[in-house]
Amino acid sequence: MTNIQDPTCPVVKCILLLDSEGKRIAVKYYSQDWTTVSSQSNFEKSLWNKTKGTNARQEAEIVMFDDYIAVYKYVGDLMFYVTGSQDENELILYSVLQCFYEAVSGLLRQQIEKKTVLENLDLVLLAIDEILDGGIILETDPQLVSSRVTMRGAEGEGPSASMGGAQTFSSAFASAKEHLARSLLK
């Protein structure tokens, strides 16, 4: 099967979340440019060395690195990166970066630090999967990504409509607990 991509469709090469020492926390590669873990690790370390001295704490920065465009942002002790090919639109890569950062920030209740991310790594990885699939951008709305990760509807009222109104285990348990408490108080 041949992998044919539309040249007008924006593609992300990789999305990285590194710590303040350049070590990987959550990464996803969508390109055959880095086929081994060691080549990925070398790329991450080189990119981190290139960007560690810049001040990208308030706004995201863009850098051309090894024929790739990298958009990145530092938050606390974490570095968020999104890379694309050298002819990719920087604004699109920036919107993916912002979505990733804001979705993670919302999921972690604004506690963006390495310890919190590691404790909730499942949510971070699910957010990446909701934003990108095979490097193709699926979503850039952080609220929608967060609601999908937590399996809430668009309005945040509980399970999504696609679940047919079924309750999550925790909400069903809470409902049963309330019902039991009311029946015991009668």
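The legends below describe close-up views of a predicted model.

**View 1. Crossing of helices α2 and α4 in the predicted model.** Two packed helices are described by the angle between their axes and the distance between those axes. Here the axes of helix α2, spanning residues 90-107, and helix α4, spanning residues 121-131, come within 10 Å and cross at roughly 145 degrees, and the crossing is right-handed. On the α2 side, the contact is made by Val96, Cys99, Phe100, Val104 and Leu107, and these meet Leu123, Val124, Ala127, Ile128 and Ile131 of α4. By residue class, the contact of α2 with α4 comprises 10 nonpolar residues, with no polar and no charged residues among them.

**View 2. Gly134 in the loop between strands β6 and β7.** Gly134 lies between β6, residues 132-133, and β7, residues 136-137. The C-alpha atom of Gly134 is separated by 9.3 Å from that of Lys28, although the two residues are 106 residues apart along the chain.

View 3. With a disulfide taken as a pair of cysteine sulfur atoms within 2.5 Å, the count for the model comes to zero disulfides.

Note on methods:
Residues numbered from 1 in each chain as written. Predicted model: local features only at pLDDT ≥ 70, side-chain atom pairs only at ≥ 80, totals over all residues. Heavy atoms only, no water. Helix = DSSP H or I, 4+ residues; strand = E, 2+ residues; numbered from the N terminus. Axes fitted to C-alpha atoms, helices over the stretch in contact; angles between N-to-C directions. Left-handed = near helix turned anticlockwise from the far one by under 90°. Contact = heavy atoms within 4.5 Å. Nonpolar A, V, L, I, M, F, W, Y, C, P; charged D, E, K, R; others polar.
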